[in-house]
Amino acid sequence: MDSQAISLVRSSFKAIAAVPDGPQTLSRSFYALLFARYPDARDFFPAAMDEQRDRLISAVQYVIERLEEESGQILAYLAQLGRDHRKFGIEDAHYVAVGNSLIAAVEQFPSTEPWTDELEQAWRDVLAVVAATMMDAANAESGPPAWGATVIEHLQVRKDVSIVRLQLDEPMTYTAGQYVSVQVPSRPRMWRYLSPANPANDQGIIEFHVRRVSGGWVSPAIVSQTLVGERWVIGSPLGDLGVRYDNGRDILMIGSGTGIAPLRAQILQMSQRGQDRRVHLFFAGRYPCDLYDLGTLWALAEQNPWLTVVPVTEEDEDPWWYTGPSSAALPGMHRRLTGKVGQVVADFGTWAERDIQLVGSEAMINTTKFRLHAAGTPPENIRHDPSY
């Protein structure tokens, strides 16, 4: 792709982002134009559009900012996204509709950036590459566009955390550490991303750990209302996390709350296949009761000498409103460290020779990266999925 075109598009988007509520205004305009010009496209989206608007603009920004410097990684990500979008029944013509509507929204945006034929062509060139990459990957895929699954177990391990196990209609191939989109029957067309907490298997069993997000549409329904026997729809696997077996480096994993799920899946896979590299896992939460899966992880560490599990919490005691079993009785809790996980990990040193994975909230990821960088960790050693 022409670097000049990328530069023009990036500058154009930065001008939009510099306007108060600029990205949100652009997103609202885009969807208004899309639905007015292509009414059938409305059926692909949920009734409540606020979160969808935010997610779209974050994804566009994520791609634009990395197209040149990280082109290989972004193109691979777009190919995954194209395969995932097959679950909607999207065809090539829909990509054209989206591209035309986005360009029209950018052109109409009240920005100080002048709209020129050169800028329009730059946007068309960039979006053409994005669309072609997604379409080619989707059209080359022979697997199912989505997987049906039946809930076989629902465990509410905390008031705000549930473990849900499902039986897929047919086994799914995914890399331990990846994530998938999920649609539950009580929230049609409201897709959410969840990471399997177990590796792919021939039995087609898949497990998710879900924490209720205050004010969320979907996670409260999953945590409190999931019933055995209900049917879910699961999209194609996405993401770049997973053990890199080609570099032979030892591994540092840092997971917070239910962010432990994709790391747990990798550890389970490594314990099944056998390996000799060292793995340090820091399992973090605000309170001791947030370490809901510590018993499983501690048992894995006892069975596998290559695995070290370090529990970390910001507070020493559970909150007053917690009414569950005493967290002090959890296996491994006697090794718990206190503090912000980023600082705790950085206090151990640079971890410069490790392949590092971070999973958690955007704030946790950014803070931990900052601490590791300050301690001398090479940035290229740290991986995490997009935070939008």
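Begin by selecting Asp240, which is partly exposed at a relative accessible area of 46%; here buried means under 20% relative accessible area, exposed over 50%, and partly exposed in between, with a 1.4 Å probe and protein chains only. The structure on screen is a predicted model, in which local features need pLDDT of at least 70 and side-chain atom pairs count only at pLDDT 80 or more, whereas totals for chains, interfaces and linings use all residues. Residues are numbered from 1 along each chain as its sequence is written, and side-chain values use heavy atoms, with hydrogens and water left out.

Asp240 and Arg244 form a salt bridge whose closest N and O atoms are 3.6 Å apart; the term denotes a side-chain nitrogen of Lys or Arg within 4 Å of a carboxyl oxygen of Asp or Glu. Arg244 is partly exposed too, at 31%. Side chains of opposite charge can pair when their charged atoms come close.

Next, select Asp290 and Arg211. Their salt bridge has its closest N and O atoms 3.4 Å apart. This pair links distant parts of the chain, 79 residues apart: Asp290 lies in the loop between strand E8 (279–285) and helix H9 (294–303), and Arg211 in strand E5 (residues 205–211). Such labels follow DSSP runs, numbered from the N terminus, with at least four residues for helices (H or I) and at least two for strands (E). Is Asp290 buried or exposed? Asp290 is buried, at 5%, while Arg211 is partly exposed at 31%.

Move on to Glu153 and Arg165, a salt bridge with its closest N and O atoms 2.7 Å apart. Glu153 belongs to strand E1 (residues 147–158) and Arg165 to strand E2 (residues 161–168), twelve residues apart. Glu153 counts as partly exposed at 30%, and Arg165 does so at 21%. Now extend the selection to Glu207, Arg264 and Asp293, which join Glu153 and Arg165 in a network of salt bridges. Across the whole structure, a search finds 17 salt bridges.
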